[in-house]
Amino acid sequence: MKPDLHTLGPLIALIALVILGALLNPAFLAPANITNVLARSAFIGMIAVGMTFVITAGGLDLSVGSMAAFLAGIAIIAMNAALPGLGENWGTIIIGMGVAILGGIAAGYLNGALITKARIEPFIVTLGTMGIFRSLVTWLADGGTLSLDYGLRTLYRPVYYGGIGWITWPIIVFALTAMAGEWMMRHSRFGRHVEAIGSNDRVARYSAIDVNRARLLTYMLLGLLVGLATVLYVPRLGSASGGTGVLWELEAIAAVIIGGTALKGGRGRVWGTVVGVLILSLIDNILNLADLVSPYLNGAIQGIIIVLAVVLQREKRTADER
Amino acid sequence: MKRRSLMKSAAIVAVLGLAGGAAVAQQDGEKTIIGVSIPSATHGFMGGLNWHAQDTIDRLGKVYPNLEFVLSTAGDAAKQVSDIEDMMATRNIDALIVLPFESEPLTAPVAAVKKAGKFVTVVDRGLSQEGIEDLYVAGDNTAFGRVAGEYFKENLQPGAKIVVLRGIPTTLDNERVEAFQTALEGSDIEILDMQHGNWNRDDAFTVMQDYLSKYPQIDAVWAADDDMAIGVMEAIAAADRTDEMWVIGGAGMKEIVKRIMEGDPQLPVDVTYPPALISSAIEMTALNFVSGAPMVGRFIIGSQLITPENAEQFYFPDSPF
């Protein structure tokens, strides 16, 4: 089998970044730093895996960052409300987790139904729900911050900070999500349908694929993963506000594209997405660890590396198609 | 571009036409309308500011039945300009209280309001041209940095190492950081690093984690904002280095003030930059219309040090911030 050049491009960029980081600061390869970077990537990572399915089916979801903030908000409110009745125990926390995950699926269903049933462009639908979710969380928080009860937080905290040795729970969940996503995209009927719809939805329809159902499912899957990311995000700072999850949607979309999934749909690469997410978090981490440039220029360096990673992949692709 | 400026001048003409009518209406003893335009609640401090604005308006509306308030919040400078134009064109305001999203883009529209003969109060962020506003109410960014810097200088041993988290890159942030550095001059305290945490908990958490990986010795952190202080303390706790360093935030968030009241060793003090300054601005503008006293000039609210002894007077449990 020929090595897959599309995935090699971003992988080379990732390896180059790791080498650069290690050369610039020995602290880069310390287990504590690796844990930090991987755990940080987990939120965007899980969302980006879901986004890979949505984009591969020819869709787009701009609402995920706001959705995460909203889900974190309602999960915190639910846990604080359940506290007097249930007390400070895992039951209360499981209610919060359930609210986040079910809320995520419901929010994904809302997006998907508006797109497939009401036949509105995904860009417009999710731009609308992005504003709605963001306003709702600001409103729920009265413009301030929703904070989880202190005792519950102490109990819930290990979900972000604990784990098996230095491999914390967010890393484990992210890895499992990525593996499940890769399997679904490559080996399940759903994955093949998603790719078929993204390459040509008319042909897919003629091949007796239920196009609308599969599309709806991609948005619900994404909503579920946003909920899962929220479950891991809440114990980190124990709070949600209008400033939570800002621009997560763009980071997730960027990770998907860097990873080699086509924005026009039809070709999904879950492993590529994982590499893309890691590239994005590593750039941030390296810029913080090394005093290479003025912090004012951090955004510019990120922009250059994102574009370079995609250019690299593009050149390989044309060579491949020739 | 052209169409835009045409629309703008049309709005100004409309406003000028209405201005004559306003003066007459006022003589008839009708309501005085005060427009309030502030940025929307995108982060903790602005959330607090929005809450105080709403609270003050509700209260003053009851005390002075002949005053009417129009509140609008904007997510960016362009929206704020439209809001102000709308207030002039459709609500015929007599006074404008504005916290400019950015100084430059708001200067000309606010100058137009002033030119139409309205009373103008500018809050916190000055306009880029002097002499437009009747009343200027602001916090003191230089003092904010200086008070924090002096605390570091007095409470750290020579040779101590500190890290700084900066806000969103703005003039306001620059003023604070420069004043902080000036206050530290002549001491033997080394600033290891200054990165932007954008007044955001998550960003501050990430930056602090990286500081902790990078520097084996950190004696204190100037988080410069209470939201950032929360993210910073979480990162320190996760790295198990809570006993090594203390953290100074800023603004006066209720959770932080409460911890200072309780004598938390990790949070010895806080520096105020009260979101309630919008209340002072609204009250003073209202007074200008209901009392004979002219309320013009500059009103600067100093930055104070919140210590465990005086923390109680800075604690507002009902405010969301």
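**Chain B: the sheet and the overall fold**

Chain B has an open sheet of six strands, in the order β2-β1-β3-β4-β5-β11, and the pairing is parallel. At the edges are β2 and β11 of chain B, the latter covering residues 297-301, and each of these pairs on one side only. On average, neighbouring strands in this sheet are turned by 15° against each other, with direction ignored. Please keep in mind that this is a predicted model.

Strand β1 of chain B, residues 32-39, pairs with strand β2 of chain B, residues 67-74, in the parallel sense, and eight bridges link the two. To pick out one position, B:Ile34 has B:Phe69 in β2(B) as its bridge partner. What do these two strands make with helix α2 of chain B? Together with that helix, which spans residues 44-63, β1(B) and β2(B) make a right-handed β-α-β unit.

Further into the order, strand β3 of chain B, residues 95-98, runs parallel to strand β4 of chain B, residues 119-123, and four bridges join them. Here B:Ile97 stands opposite B:Thr121 in β4(B).

Now the chain as a whole. Chain B contains 10 helices and 12 strands. Its radius of gyration is 22 Å, close to the 20 Å from the globule rule for 321 residues, so chain B is as compact as a globular protein of that length. The C-alpha trace of chain B spans about 70 × 45 × 35 Å along its principal axes.

Two last figures. Of the 321 residues in chain B, 48% count as buried. Among contacts in chain B between residues at least 6 apart in sequence, 74% link residues at least 24 apart.

Key
Residues are numbered from 1 along each chain as its sequence is written. Chains are lettered from A and ligands numbered from 1 in the order in which they are written. This is a predicted model: local features need pLDDT of at least 70, side-chain atom pairs count only at pLDDT 80 or more; totals for chains, interfaces and linings use all residues. Two strands pair if DSSP finds at least two bridges between them. A crossover is right-handed if, with the strands pointing away from the viewer, the path from the first strand over the helix to the second runs clockwise. Axes are lines fitted to C-alpha atoms, for helices over the stretch in contact, and angles run from 0 to 180 degrees between N-to-C directions. The radius of gyration is taken over C-alpha atoms; the globule rule is 2.2 Å times the number of residues to the power 0.38. A residue is buried if 20 or more other C-beta atoms lie within 10 Å of its own, exposed if 12 or fewer, and partly exposed in between; C-beta atoms are placed from the backbone. Two residues are in contact if their C-beta atoms, placed from the backbone, lie within 7 Å.
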